[in-house]
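Let's take a friendly walk through a protein model, one piece at a time. Have the sequence and the 3D view ready.

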Amino acid sequence: MLRVEDLHVTRGHTKVLQGIDLTVQAGEIATLIGANGAGKTTTLMTLSGLLPVASGLLELDTGHGTIDIKRTKAVDLVRAGIVHCPEGRQIFGRLSIEENLYLGAYLSDDRTRVAKAISDLYEQFPILGERRAMKAGNLSGGEQMMLAIGRALVAEPKLLLLDEPSLGLAPQITEEIFAFLEELNREKDVTMLIVEQNAMLALELADRAFVMENGRIVLNGTGKELLDDPAVFEAYLGVG
Amino acid sequence: MSDYLIQQIVNGLSLGSLYALVAIGFSLIYGVIRLVNFAHGDLMMIGAYMTFGLVASGVVPWVALPLLVVAGGFAAGGLIERVAFRSITGAPMITGFIVTLSASIAIQNLALIFLGSQPRNFNFPEVFRMRLSLGGADVALIDLVIPVVTLLCALALTTFIRKTRVGIAIRAVAENPFAAQLMGISIGRLVFLVFAVGGALAALAGLFWSGKYGQINPLMGFLPGLKAFLATIIGGVGSLPGAIVGGYILGFSEIAFVGFLPSEYSGYRDAFVFGLLILILLVRPQGLFGESEQERA
Amino acid sequence: MKTMELSPVRAFILLVVAVGGLVLAVDGSGNGYYQTFTALTLINVMLAVSLTMTNGFTGMFSLGHPAFMTMGAYVALLFTYPVGRKGFAMPALPDIIAQVHLPLPLAALVGGVIAALAGWLIGRLMVHLQTHYLAVATLGLIIVVQTFALNLDGITRGGRGITGVPREATLSMIGICTVLVIILCWRIKHASLGRAMLAVRENEMAARCFGIDAFRLKLLAFVLGAGIAGFCGALLPHVVSVMSPKSFGLILAFNLIAIIVVGGQGSIVGAILAAVFISVGSESLRRVEETTGVYGVTQVIVAVALISFLLVRPKGLFGLKEPFIRTS
C-alpha cells in the first residue's frame with residue numbers, strides 16, 4: 001500500500017533522510033524503530049505532507065488508484081486516508097472530548113457516519129463516552145492516548161501513522177494500548193506504520209520492521225526476525 | 001434613578017458596544033495567529049467611509065445599508081489578510097508587528113490621499129436621530145439600537161464558535177495549529193475567515209460610530225483601535241467572551257471618568273484609558289478570562 | 001569585490017571628518033533650508049542610533065521614543081524660552097523656573113536627564129513585558145504624554161503650541177552631539193555590557209542562566225535610550241522654532257522603526273546609513289507632496305517599502321554586523 005524509495009528529505013541545512021526505502025502492505029502493521037534523532041518523526045511528517053521532499057518516490061496505493069504523496073497537499077492526504085497521530089498525542093486540551101473526536105472527522109461530510117463512528121468509539125472506550133463533555137486536558141496520559149487514537153480512527157484511515165504511542169505512558173497502559181492496536185488491525189484491517197522507541201513492544205506487535213539510523217534504513221525484516229536478531233538486541237533491546 | 005445616571009449608563013452601553021465589536025476581531029485574530037493586528041482599527045474607518053459613500057450616493061435603501069457595510073468589511077478584512085499577512089506566516093513576532101503597523105499607516109495615509117483629510121459630516125435620516133425618554137432621561141434611539149445589535153452579533157458569533165464545525169476548528173487552530181493541520185484543517189483558509197469576520201464586525205462598528213457621532217475622518221480608526229486592543233487585554237486575549245466583556249468595561253470606565261469627575265479632568269480621558277492599559281499589562285496581562293501565556297525563553 | 005575594512009579608530013576619524021566637513025560646508029553655504037534639513041537629519045541619526053541600542057541590543061520593541069522626546073522638549077523649553085515672555089506665555093509656570101534662563105546645551109541636558117529619569121520610573125514597570133505588550137504599552141505612553149501636554153496648558157500652552165522658540169541649535173552643536181552619541185553607543189555595543197545585552201536579545205532565558213541580569217540590562221538600555229531621545233527632543237524645537245504636543249507621535253515612532261529595520265536591528269553603521277537614506281528620501285517625497293498637493297504619499301511609500309523589505313531581508317541590511325569596520 002505504501003511505497004517509499006530512495007527518499008531524501010532536508011530540513012534547513014541538514015540532510016535528515018538520506019535515501020530510505022520502506023514498504024507497507026495493506027492490512028499490515030509495520031514499525032520503524034531507532035534511536036532519537038534518527039529521522040523517524042521526519043519520515044512520518046513527510047508521509048503526511050508536512051515536509052517537502054528533496055527527492056525520491058513516495059506513493060500510496062489506495063485500491064482506487066495511486067497517490068503521489070510528494071505532489072499532494074497535506075489536507076488532501078488526510079482526505080485520501082493517511083492519518084497521522086503525532087508524537088505526544090497533541091490532543092486539544094481546551095476542547096471537550098467530543099469536540100476532539102468531531103475534529104478527527106473534520107473533512108467528512110457524512111455526519112451520520114461520523115456520529116456512528118463516534119458512538120462506536122464510546123462503546124470501545126467507555127471512559128471517553130462518560131466524559132465526553134469534559135475538557136480533554138483533564139484526561140490522564142493513557143486516556144489521552146485513547147482519545148488521540150480515537151480521533152484518528154474517526155477519520156476511517158487507510159493508513160494510520162503513529163508517532164511514539166508509548167511516550168510518557170506507564171508500562172501497563174502501554175501494553176493495553178498496543179493490545180488495542182493489535183485488535184484494531186485484526187478486526188478492522190487497519191494498516192499501520194508505528195514509530196517507536198520501545199523496540200520490544202513494537203517488534204512483538206509488528207508484521208514488518210525497519211531499523212533507522214542517521215537517516216538510513218540499516219535493517220529490515222519481519223518483527224519476529226528482528227526480535228531474534230542479536231545485533232538488534234544489543235543496540236535496541238538490551239537495556240530496559 | 002437620576003436621569004443623568006440613566007444617560008451615562010446608556011452612553012456606556014453604546015460606547016462599550018463599539019469597543020466590543022472591534023475587540024472581538026482583535027481577539028479572534030490574536031487567538032489564531034498570535035499577532036496584534038494594528039490595522040484592525042482602520043477597518044472601522046473603512047466601514048464608516050463605506051457608510052458615508054453609500055448614504056451620499058442616495059441609491060441604497062436604509063435596510064440594505066448594514067448588510068452592504070458588513071459585507072464590505074468582510075471583504076476588506078480578507079483582503080488585508082491576503083496582502084499583508086499571508087506572506088509573513090511563520091515570521092517572528094516582531095516582524096508581524098511591524099508589518100501590521102505598516103499596513104495600518106499605509107491604509108490611513110491612502111485614505112488621506114483618496115478621501116481627503118477634512119472630516120466629513122453626515123446625518124442619518126430622522127428615524128435614527130430620534131430621541132426617546134427613558135425613565136425621564138433623554139436618550140438617542142441609536143444608542144439603544146447599538147447595544148442590542150451588538151449583543152445579537154455576539155450571541156451569533158459565540159454560537160458559531162462553540163457549535164459549528166468551522167468554529168471548533170478555529171478553536172483548535174488557536175490551541176495547536178500543528179495538530180489541527182493533521183486533521184486536515186486548512187489553516188490558511190481559517191486565518192482568512194477570521195480576518196474577514198473581524199473586518200465585518202469592525203466595519204459594523206464604523207457604521208454605528210458614524211451614525212452616533214455624525215463625523216468621520218481618515219485617522220479615526222487608530223485611537224479606537226488601540227482602545228479596543230485594551231478591551232481585548234482586559235478580557236483576556238484570545239477569549240471571545242472576554243473581548244465582549246472587556247469592551248463594555250472599557251466603555252463604562254471611559255464614560256464614568258468623563259461623566260463623574262469634574263469637567264477640568266475630562267481632557268485627560270485618553271490618558272486615563274491608556275494609563276489603565278499600562279496598569280493592566282503590569283498587574284494582570286492575561287486579563288479576566290485569558291490563560292497566562294508561558295514565559296518566553 | 002573587496003569591501004573596505006577600517007579599524008575602529010580610523011572609522012572614528014572618518015566620522016569626525018565627515019560630520020565636521022558637512023557642518024562647515026552647510027553652515028558656510030548660508031542656505032537656511034539645507035541648514036535645517038541637515039540639522040534634522042543629524043538628529044534623526046542620533047535617534048536612530050539610540051533606538052538601535054534600546055531595541056536592537058536587547059531585543060525589546062519599544063515605540064516610546066517620541067514620548068520621551070516630548071518630555072525633553074517641554075522641559076528644555078521651560079528654560080530656554082525668553083524670560084520676559086515666559087510669564088505671559090506660560091502663566092502657570094512657578095516663579096523659580098520662570099526666572100531662570102539656561103542656554104540650550106544645558107537646557108537640553110536637563111531635558112535629557114528628566115526624560116531618562118522618567119524612563120527609569122516607567123522602564124522599571126515595563127521592560128519585562130513581552131514584545132507586543134511592550135509595543136502597545138509604549139504606544140499608550142505616547143498618547144498619555146501627548147494628553148498631558150495638551151491639558152497642562154498653563155505650562156505648555158496646550159494645543160496652541162509654543163512658537164518663537166529661539167533657534168539656538170547650531171549645526172556645530174548638533175554635529176558634536178551626534179558624534180558623541182555615536183561613540184557612546186558604539187562603545188557600549190563593543191564592551192562586555194553590549195555583549196551581555198546581545199545575549200539577552202538572542203535568548204533571554206539562557207542569558208539569565210549565565211548570571212546575566214536581563215532586567216537590569218534592559219532597563220539600562222531603556223533609560224539611556226529615553227535620555228538620548230529626551231535630549232534630541234529638546235534640540236528639535238530649537239531648530240524649527242515651534243513645538244506642540246503632537247509634534248512627536250506615531251508617525252515619528254513608525255519612521256524610526258523603519259530606519260532600524262532597514263539598517264539592521266542592531267547595527268550602528270546600518271542605523272546611520274538608513275537614517276540618512278530615509279531622511280533624504282522622505283524629504284524629497286515630502287517636497288513632491290507639497291508641489292502636487294497629495295499628502296500622505298510619503299508614508300504610504302515608506303510603509304509599503306518596509307513591508308516589502310521585511311519579506312526580502314527580515315534582518316535588515318546589516319543585521320548585527322557593522323559593515324566596513326573591523327570589529328574583531
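## Chain B as a whole, then a helix and a sheet in chain A

Of the 297 residues in chain B, 53% count as buried; a residue is buried if 20 or more other C-beta atoms lie within 10 Å of its own, exposed if 12 or fewer, and partly exposed in between, with C-beta atoms placed from the backbone. This is a predicted model, in which local features need pLDDT of at least 70 and side-chain atom pairs count only at pLDDT 80 or more, while totals for chains, interfaces and linings use all residues. Residues are numbered from 1 along each chain as its sequence is written, and chains are lettered from A and ligands numbered from 1 in the order in which they are written.

Chain B contains twelve helices and four strands. Here helices (H or I, at least four residues) and strands (E, at least two) are DSSP runs, numbered from the N terminus. The radius of gyration of chain B is 19 Å, close to the 19 Å from the globule rule for 297 residues, so chain B is as compact as a globular protein of that length. That radius is taken over C-alpha atoms, and the rule is 2.2 Å times the number of residues to the power 0.38.

Now turn to chain A and its helix H7(A). Across its 18 residues, H7(A) reaches 25 Å from first C-alpha to last, close to the expected 26 Å (1.5 Å times one less than its number of residues). Which residues of H7(A) are buried? They are Thr174(A), Ile177(A), Phe178(A) and Leu181(A). These cover an arc of only 95 degrees around the axis, which puts them on the same side of H7(A); the arc is that of the directions from the helix axis to the C-beta atoms. The face turned away from that buried side carries exposed residues, including Gln172(A) and Glu183(A). Just after H7(A), Asp189(A) takes a positive phi of about 60 degrees.

| Element | Residues |
|---|---|
| Helix H6 | residues 141–153 |
| Strand S8 | residues 191–196 |
| Helix H8 | residues 199–205 |

Strand S8 also belongs to an open sheet of six strands in chain A, in the order S6-S7-S8-S3-S9-S10, with mixed pairing. Two strands pair if DSSP finds at least two bridges between them. The edge strands, S6 and S10 of chain A, each pair on one side only. Five bridges join S3 of chain A to S8(A), and these two run parallel. In that pair, Ile29(A) stands opposite Met192(A) in S8(A).

Note on methods. Contact = placed C-beta atoms within 7 Å.
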